[in-house]
Amino acid sequence: MRVVDLIERKRDGGQLTGDEIRTLIDAYTRDAVPDYQMAALLMAIFLRGMDADELAAWTDAMLRSGEVLDFSDIPGAKVDKHSTGGVGDKISLPLAPLVAACGVRVPMVSGRGLGHTGGTLDKLESIPGFSTRLPVERFREMVATLGISLIGQTEEIAPADRRLYALRDVTGTVPSIPLIASSIMSKKLAEGIDALVLDVKVGSGAFMRTVPEARRLAETMVAIGNGMGKKVVALLTDMSQPLGRTVGNALEVRESIEVLRGGGPADIRALTLALAEEMLRLGGADPAEARRALDDGRGLARFRQVVEAQGGDPRTVDDPDRLPRAAHVTPFAAPRDGYVTAIDARAVGVGAMCLGAGRARKEDAIAPGVGLVLEKRVGDRVARGEPLLFVHHDGVGLDACHARLSDAFLIGDEAPAPLPLVLERVE
Ligand code: URA
């Protein structure tokens with residue numbers, strides 16, 4: 001097989017066979033295909049798409065590029081959740097322990113933030129001592145005993161995705177429905193789960209900007225999962241403004257703890273419950289249990305146990321003031337009176353990244369305490385000079401952050417109609 005023939009065929013609108021795809025992904029994972037050829041093929045796929053057979057073969061080949069975990073000897077349903085990525089999206093932190101506390105096991109393998117979107121691993125690692133790099137055996141043991149473990153991608157799980165994702169990130173080929181769908185589903189299906197809930201984000205802070213695009217991505221992922229014998233449900237949810245009030249790692253952990261204590265912003269609580277109910281339903285448990293476990297503190301107790309089991313300081317859960325904090329807090333003021341009519345979630349995410357909350361390059365270090373705390377969200381009234389948000393910073397990146405924020409808030413004369421948080425359900 002000559003890779004150039006595959007590139008040319010895809011470029012011209014033709015199809016690749018399952019055998020060609022399997023051979024190609026296997027060779028690429030073993031370094032036998034150079035990045036420049038894979039980059040050209042990815043661009044051809046970005047422009048031409050893939051049909052259902054190609055997509056199934058591509059996902060299957062990525063999934064089998066590494067170890068496929070088997071937790072079938074652990075009793076009970078194993079269900080995970082995956083978000084397509086957004087700003088202020090800390091939902092996994094309250095959600096996973098809440099669902100585990102209701103009796104459905106959650107083996108969760110998460111990613112790091114890149115670009116404007118945050119990552120669950122970076123948030124968890126802002127808890128002093130917390131390790132997301134557990135050996136697979138320890139991951140399995142925690143899932144069996146505690147019903148939950150929260151780790152990062154290992155070298156063993158779907159190595160083809162790690163390489164392909166990094167290449168897509170620098171070749172303008174991330175926002176492609178078949179490439180996103182295969183990337184997400186190959187990792188998730190290698191985790192040993194029985195079912196999966198997808199949170200497909202829509203809006204300015206998401207890869208999918210419109211509902212029809214997001215619906216197509218959701219339908220594509222549900223079809224891939226069903227084709228592999230897994231139950232999959234997707235919720236399309238609003239990402240036209242950041243979720244909750246905090247953007248930045250330790251700040252988001254603090255907000256997650258507030259939610260597990262029964263408080264926190266209404267949107268975080270509502271989305272946590274909506275996703276928990278879906279996970280419990282797929283796991284054969286009573287969805288109403290989610291609200292009870294949130295209100296009676298079982299979710300919080302399970303979160304504390306996970307923190308302790310993964311080497312983190314559990315006292316941060318009792319007293320979030322022990323979490324890392326930025327050196328300075330400065331207000332970012334409204335330029336005029338009015339109502340906040342829109343917030344560019346992507347600009348807010350990039351603003352937080354400029355402070356060190358996220359990475360511009362994979363090797364960049366994260367500043368755990370920095371970030372943004374929104375005082376005003378869409379629909380709120382604001383007076384000129386009043387803070388729209390507070391910038392938590394360590395003296396680095398403040399000007400760049402302000403430059404990003406300067407156009408992020410639209411202020412008009414009338415309050416906009418409220419947007420629903422959950423836009424659609426796909427199964
Ligand atoms: N998340 C992933 O895991 N992969 C993508 O391609 C996009 C978002």
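# Exercises on a predicted model: helix burial, pockets and cavities

What covers the buried residues of helix H10 includes helix H4 (52-63), H9, strand S4 (195-202), strand S5 (231-238) and strand S13 (422-426).

**Exercise 1.** Describe helix H10 by its span, its buried residues and the residue with positive phi just after it.

*Solution.* 
- Step 1: H10 covers residues 211-227, which makes 17 residues. From its first C-alpha to its last it reaches 24 Å, close to the 24 Å expected at 1.5 Å a residue.
- Step 2: Buried means under 20% relative accessible area. The buried residues in H10 are Ala-214, Leu-217, Ala-218, Thr-220, Met-221, Val-222, Ile-224 and Gly-225. Strands S4, S5 and S13 are among the elements that cover them, as are H4 and H9.

**Exercise 2.** Locate the residues Asp-31 and Ala-158, and decide for each whether it is buried or exposed.

*Solution.* 
- Step 1: Asp-31 is not a glycine, yet its phi is positive, at about 70 degrees. It sits in the loop between helix H2 (18-29) and helix H3 (35-48).
- Step 2: The relative accessible area of Asp-31 is 59%, so this residue is exposed, the cut-off being over 50%.
- Step 3: Ala-158, also not a glycine, has a positive phi of about 45 degrees. Its loop runs between strand S3 (148-152) and H8.
- Step 4: With a relative accessible area of 0%, Ala-158 is buried.

**Exercise 3.** Characterise the largest pocket by volume, lining and residue class.

*Solution.* 
- Step 1: The space in the largest pocket amounts to about 1,200 Å³. Its lining counts 45 residues, and Ser-110, Gly-111, Arg-112, Leu-121 and Gln-153 are the closest to its centre.
- Step 2: Two or more lining residues come from each of strand S1 (79-83), strand S2 (106-110), helix H6 (120-125), helix H8 (159-169) and helix H9 (177-189).
- Step 3: By class, the lining holds 18 polar, 15 charged and 12 nonpolar residues.

**Exercise 4.** Describe the two cavities of 30 Å³ or more that the structure holds.

*Solution.* 
- Step 1: The largest cavity contains about 150 Å³ of space. It is lined by 21 residues, with His-116, Thr-117, Gly-118, Ala-357 and Gly-358 nearest its centre.
- Step 2: H6, helix H11 (249-260) and helix H16 (345-355) each give at least two lining residues, and H16 gives the most, with three. The classes are 12 polar, six nonpolar and three charged.
- Step 3: Domain 2 (79-318) and domain 3 (324-412) both give residues to this lining, so the largest cavity lies between them.
- Step 4: The second largest cavity has a volume of about 40 Å³. Leu-42, Trp-58, Met-62, Asp-161, Leu-164, Arg-168, Leu-179, Ser-182 and Ser-183 line it, with H4, H8 and H9 as the elements that give two or more residues. Five of the lining residues are nonpolar, two polar and two charged.

Definitions and conventions: Residues numbered from 1 in each chain as written. Predicted model: local features only at pLDDT ≥ 70, side-chain atom pairs only at ≥ 80, totals over all residues. Heavy atoms only, no water. 1 Å grid on protein atoms, 1.4 Å probe; cavity = no way out; pocket = protein on both sides within 12 Å on 5 of 7 lines; lining within 4 Å. Points joined across faces, edges and corners; volume = space filled by probe spheres on them. Helix = DSSP H or I, 4+ residues; strand = E, 2+ residues; numbered from the N terminus. Nonpolar A, V, L, I, M, F, W, Y, C, P; charged D, E, K, R; others polar. Buried < 20%, exposed > 50% of the residue type's maximum accessible area, 1.4 Å probe, protein only. Expected span 1.5 Å × (residues − 1). Contact = heavy atoms within 4.5 Å. Domains from an automatic or database assignment.
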